[in-house]
Amino acid sequence: LVQMSVQMQWGLVAESIDYNEYLTGKRSEGSIYGVFSLTRRIGQTLSGSLAVLMITWFGYQAGAAVQPASAILGIKLMCILIPAIIGMGSWFAFRFIWDINAEKRAKMAAWKEERAARAAAEAEYLAKKGVVVEPAEEKKTLSGIADRPYCKGRAYDPNRYNTTEEE
């Protein structure tokens with residue numbers, strides 16, 4: 001059960017990246033994977049140290065030929081009960097806290113398709129006009145949202161296709 005929740009994390013990170021892009025309009029997988037990797041490493045370090053500390057609480061004696069009954073019980077608890085509790089906590093978090101459901105996934109997919117269609121229409125429009133699109137550097141605004149022009153010298157106009165005049 002615990003191993004399953006650990007494996008689910010990787011899929012959930014990818015889904016979190018998609019959801020973050022849906023909310024912000026920016027894709028920031030590098031930052032999200034970096035934070036995820038850092039927190040995993042910190043968690044692994046703390047859990048290893050905690051396991052050593054816990055085993056001493058139960059009376060484990062390094063180098064002893066026979067361990068006391070409390071140490072044996074502690075090892076069993078650490079191998080069975082504690083992972084079961086953590087697994088149930090994981091299930092609870094996935095069931096009741098994680099709120100990306102099928103409806104949100106459908107909205108995100110529709111948004112991505114709409115965004116791709118707009119980008120294709122923009123590229124086709126610019127190609128017909130003979131405009132060469134070159135990547136432009138992002139300009140940060142005071143709000144922290146990047147202003148991304150589609151070509152040098154001209155900012156993106158979201159209402160460009162809302163006109164009725166023929167060109």
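A nonpolar patch lies on the surface of the predicted model. The patch is formed by M88, W91, F92, F96 and I97. Together these residues have about 580 Å² of accessible area. One of them, W91, lies in helix α3, which spans residues 69-97. The relative accessible area of W91 is 43%. W91 is therefore classed as partly exposed, since that class covers values between 20% and 50%.

Charged pairs were examined next. The structure holds nine salt bridges. One of them joins K112 to D18, with the closest N and O atoms 3.2 Å apart. This pair links distant parts of the chain. K112 belongs to helix α4 (residues 102-129), whereas D18 belongs to helix α1 (residues 2-24). The two residues are 94 residues apart. K112 has 35% relative accessibility and so counts as partly exposed. D18 has 23% relative accessibility, so D18 also counts as partly exposed.

A further salt bridge pairs K104 with D99. Here the closest N and O atoms are 3.0 Å apart. Relative accessibility is 23% for K104, which is therefore partly exposed. For D99 the relative accessible area is 43%, so D99 is partly exposed as well.

The salt bridge between E103 and K107 has its closest N and O atoms 3.6 Å apart, inside the 4 Å cut-off. Both residues lie in helix α4. They are separated by about one helical turn because they are four residues apart in that helix. The partners fall into separate accessibility classes. E103 has a relative accessible area of 53% and is therefore exposed. K107, with a relative accessible area of 44%, is partly exposed.

Some salt bridges share partners.

Helix α3 contains W91, one of the residues of the nonpolar surface patch.

Methods
Residues numbered from 1 in each chain as written. Predicted model: local features only at pLDDT ≥ 70, side-chain atom pairs only at ≥ 80, totals over all residues. Heavy atoms only, no water. Salt bridge = Lys/Arg side-chain N within 4 Å of Asp/Glu carboxyl O. Buried < 20%, exposed > 50% of the residue type's maximum accessible area, 1.4 Å probe, protein only. Patch = residues over 30% accessible without salt bridge, like charges linked within 9 Å, V, L, I, M, F, W, Y side chains within 5 Å. Areas by Shrake-Rupley, 256 points an atom, 1.4 Å probe, with all protein chains shown as cover.
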